[in-house]
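Have the sequence and the 3D view open, and follow along as we go.

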Amino acid sequence: MSDHVYKSIEVTGSSTESIQEAVRVAVAKAAETVRNLEWFEVVETRGHIENQTLSHFQVTVKIGFRLD
């Protein structure tokens with residue numbers, strides 16, 4: 001196995017369905033412009049409430065990618 005160097009970014013995904021879907025949204029969007037995605041770490045979870053009801057989830061994830 002070769003030595004690797006990684007860089008990380010933070011992005012926030014949002015979903016009306018679930019925390020997991022918010023993570024998927026964030027990773028999918030990052031994958032549109034960043035190559036070599038390797039890992040993610042949830043760093044913050046929050047939500048929005050409207051009319052006394054959960055409206056949507058927001059999840060900030062740190063995404064690591066391998067540098068060429």
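This is a predicted model: local features need pLDDT of at least 70, side-chain atom pairs count only at pLDDT 80 or more; totals for chains, interfaces and linings use all residues.

**From the fold to a single residue**

Residues are numbered from 1 along each chain as its sequence is written, and side-chain values use heavy atoms, leaving out hydrogens and water.

Now look at the overall outline. The C-alpha trace spans about 55 × 20 × 15 Å along its principal axes. The radius of gyration is 14 Å, whereas a compact globule of 68 residues would have one near 11 Å. That radius is taken over C-alpha atoms, and the globule rule is 2.2 Å times the number of residues to the power 0.38.

Next, find the sheet. The 3 strands form an open sheet in the order β1-β3-β2, with antiparallel pairing; two strands count as paired if DSSP finds at least two bridges between them. From one strand to the next, the twist averages 15°; here axes are lines fitted to C-alpha atoms, for helices over the stretch in contact, and angles run from 0 to 180 degrees between N-to-C directions.

What holds strands together in general? Strands of a sheet pair through backbone hydrogen bonds, either parallel or antiparallel. In this model, 10 bridges join β1 to β3, and Glu10 has Lys62 in β3 as its bridge partner. On the other flank, 12 bridges join β2 to β3, with Thr45 partnered by Val59 in β3. β2 and β3 also form a hairpin with 2 residues between them, and Asn51 in the turn has a positive phi of about 50°.

Let's turn to the inside. The largest nonpolar core has 7 residues: Ala22, Val23, Ala26, Ala30, Val59, Val61 and Ile63. Such a core is a set of buried Ala, Val, Leu, Ile, Met, Phe, Trp, Tyr and Cys residues joined through side-chain atoms within 4.5 Å. Buried means under 20% relative accessible area, exposed over 50%, and partly exposed in between (1.4 Å probe, protein chains only). The elements giving two or more residues to this core are α1 (19-31) and β3, and α1 gives the most, with 4 residues. Val61 touches residues including Ile9, Val23, Ala26 and Phe40, a contact being heavy atoms within 4.5 Å.

Finally, visit His56, which sits in strand β3 (residues 53-66). Is His56 buried or exposed? His56 is buried, with a relative accessible area of 18%. Leaving aside neighbours within four places in sequence, His56 is in contact with Ser14, Ser15, Thr16, Gly47 and His48.
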